[in-house]
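Student: I'm new to this one, could you walk me through it slowly? Let's start with a term I'll need.

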Amino acid sequence: MTAEGKYTVEKITYLKQWTDHLFSFRTTRNKAFTFIPGQFARLGIITDEGKIVWRPYSVVSADYDEELEFYSIIVPDGEFTQRLKKLKIDSELLIDKTNYGLLTTDRFENGKHLWFLATGTGLAPFISIMYDFHIWEQYEKIIY
């Protein structure tokens, strides 16, 4: 944890290149970091100049997983992803201690069917929600 206590320093534990522009990765997870499936975390990378570049990333993991998983695309000339794509296993990544976002099932109106429609990195929050056992009991049918 940093002296400011705003973020933790985590390590990359897994990398998977899906296409030329899409990859996923996992990091260690501080036991104090909690989130609701569908929320996102702010990830940070320290530049060579010592500046921190932050970007929001939807959490793919279940809220009970020991690690955090994320999907990313590579943005040409992107200040963050051009650095992110160079990270390796055991590289450090910063994770803001606060979770964010309102794409959580407690905000959905009651209904019989739950639809998930997304592509690419947009799948991330829906995968996290589908790991929630309660969601499968709450809806008669889940379409994904």
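Tutor: Contact here means heavy atoms within 4.5 Å. This is a predicted model, where local features need pLDDT of at least 70, side-chain atom pairs count only at pLDDT 80 or more, and totals for chains, interfaces and linings use all residues. Residues are numbered from 1 along each chain as its sequence is written, and side-chain values use heavy atoms, with hydrogens and water left out.

Student: Okay, which residues is Thr104 in contact with, leaving aside its neighbours within four places in sequence?

Tutor: With those neighbours set aside, Thr104 is in contact with Ile36, Pro37 and Gln39.

Student: And where does Thr104 lie, and is Thr104 buried or exposed?

Tutor: Thr104 lies in the loop between β6 (92–100) and β7 (113–115); helices (H or I, at least four residues) and strands (E, at least two) are DSSP runs, numbered from the N terminus. Thr104 counts as buried because its relative accessibility is 3%, where buried means under 20% relative accessible area, exposed over 50%, and partly exposed in between (1.4 Å probe, protein chains only).

Student: Switching topic, how many salt bridges does the structure hold?

Tutor: There are four salt bridges, each being a side-chain nitrogen of Lys or Arg within 4 Å of a carboxyl oxygen of Asp or Glu. One of them joins Arg26 to Glu69, with the closest N and O atoms 3.5 Å apart. Arg26 lies in strand β2 (residues 22–28) and Glu69 in strand β5 (residues 67–73), so this pair ties together parts that are 43 residues apart in sequence.

Student: Is Glu69 buried or exposed, and what about Arg26?

Tutor: Glu69 is buried, at a relative accessible area of 14%, whereas Arg26 counts as partly exposed at 29% relative accessibility.

Student: Which residue does Arg42 meet in a salt bridge?

Tutor: The side chain of Arg42 meets that of Asp96, at 2.9 Å from N to O. This pair also links distant parts of the chain, with Arg42 in strand β3 (residues 40–46) and Asp96 in strand β6, 54 residues apart. Asp96 is buried, its relative accessible area being 7%, while Arg42 is partly exposed at 28%.

Student: And which residues are linked in a network of salt bridges?

Tutor: That network links Lys51, Arg55 and Glu79. Within it, the side chains of Arg55 and Glu79 meet at 3.5 Å, N to O. Arg55 belongs to strand β4 (residues 52–58), and Glu79 to the loop between β5 and α1 (81–84), 24 residues apart.
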